[in-house]
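Hello,

Here is the structure I said I would pass on. My notes on it follow below.

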Amino acid sequence: MSPPPAAAATLADLDSGIGLVARPTRMPPRPAAAPAAPVATAPRERALFGIGLIILSTVFFSSTDVIAKMLTAQLPAIEVAWIRYAVFVAIVVPYAVAVRGTGALSTARPGLQILRALGMVGSSVLFIGGLRYLQVADATATNFIAPVFITALSVILLREKVGIRRWIATAVGLIGVLIVIRPGPDVFQSAALMPAGAALVWAFAAIATRIMAGSERPETTLVWSAVVGFVALSAAVPFVWVTPTQPQIELGILIGVGSTIGHGILVIAFRHASASVLAPFSYTQLIWASIFGFMAFGALPTAWTLIGGAIVAASGLYIAHREHVRARDARRAAAA
């Protein structure tokens, strides 16, 4: 499952996606005689590189979502998530230990780490469960509501002040989701509540990430997310276990590897450009979800999905813009 667009920046700030690439080493000083690099083009080139990475990450996320939908026709959502987390653990734990040693497990906030990890795994299970009944594009569009939930929860849990414009954007986002879901009695419409629930649970995880951002090392959060999620799923999966075939195991491993790569690319992208620059391009995930969904299942998103998805995306982008303005004003006030 992919991080909901615009909400992903919160997690990338802590490198709590699956960052597999170490930070660049410091380069030696350039000789005095060397010509200076053009000041104006360097930030632009970095931003373009970040934009390219964010689009590439959505390709990985959408493709793994399509594979997950294939598997949910044959395996329970919890089992699909369990295979994914098994790959997650196998990759990130050795990485974190290599970077930080055994100290990677040391945390001053074990309660928050556990709550965040459970939020992430719950979000994953809900989203994958919704894919059993929904087109990938419909699930993706509904999942876009996460920034709206984060805004609301930041008021309740973090005591942040939210202005009238952000509240209006939040209401608009909820309307967009209702257009996608189209509440009603049939299974399809009811199943659309699952990716919306996934976005809500993800929002709790994002709030926990914000709280820990100043005190916890990225590698520590990475390990706790992987281990706690895997343990929780391992406790639940025996109750729904269906013995997978070798092709199903291979597809599950492909989901784990693909999502890991996607998260790693996402983290690198946010090192090259700000969230306000990258957020609009993260919504290209709906385009890839539509393309891959059509290629795999011959299904095109409905007009309602596209209209509702566009409304939710506009809401999320405005919320991201207001967050950027708010942070900029706070920096200026601190500097003054």
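Tryptophan 241 is partly exposed, with a relative accessible area of 39%. Please keep in mind that this is a predicted model.

Tryptophan 82 is partly exposed as well, at a relative accessible area of 23%. The ring centres of tryptophan 82 and tryptophan 241 are 5.8 Å apart with the planes at 85°, so the pair is edge-to-face. Tryptophan 82 belongs to helix α3 (residues 77-100) and tryptophan 241 to the loop between α10 (218-236) and α11 (246-272), so the pair ties together parts 159 residues apart in sequence. With Phe230, these two tryptophans form one aromatic cluster.

The structure holds five aromatic pairs. Another of them joins phenylalanine 144 and tyrosine 283: their ring centres lie 4.8 Å apart and their planes are at 85°, so this pair is also edge-to-face. Phenylalanine 144 sits in the loop between α5 (136-143) and α6 (146-158), and tyrosine 283 in the loop between α12 (275-282) and α13, so parts 139 residues apart in sequence are tied together. Both phenylalanine 144 and tyrosine 283 are buried.

A charge is also placed over a ring: lysine 69 lies over the face of phenylalanine 297, at 5.5 Å from the ring centre.

On the surface, Ile287, Ile291, Phe294, Met295 and Leu300 form a nonpolar patch with about 530 Å² of accessible area together. Of these, isoleucine 291 is in helix α13 (residues 285-297) and is partly exposed, at 37% relative accessible area.

Overall, the protein has 14 helices and zero strands, and 50% of its 336 residues are buried.

Regards

Key. Residues are numbered from 1 along each chain as its sequence is written. This is a predicted model: local features need pLDDT of at least 70, side-chain atom pairs count only at pLDDT 80 or more; totals for chains, interfaces and linings use all residues. Side-chain values use heavy atoms; hydrogens and water are left out. Patches are made of residues with over 30% relative accessible area and no salt bridge: like charges are joined within 9 Å, nonpolar side chains (Val, Leu, Ile, Met, Phe, Trp, Tyr) within 5 Å. Accessible areas come from the Shrake-Rupley method with a 1.4 Å probe; for residues, only the protein chains shown count as cover. A salt bridge is a side-chain nitrogen of Lys or Arg within 4 Å of a carboxyl oxygen of Asp or Glu. Helices (H or I, at least four residues) and strands (E, at least two) are DSSP runs, numbered from the N terminus. Buried means under 20% relative accessible area, exposed over 50%, partly exposed in between (1.4 Å probe, protein chains only). Rings of Phe, Tyr and Trp (its six-membered ring) pair if their centres lie within 6.5 Å; planes under 30 degrees apart count as stacked, over 60 as edge-to-face and the rest as tilted. A charge sits over a ring if NZ of Lys or CZ of Arg is within 6 Å of the ring centre and within 35 degrees of the ring normal.
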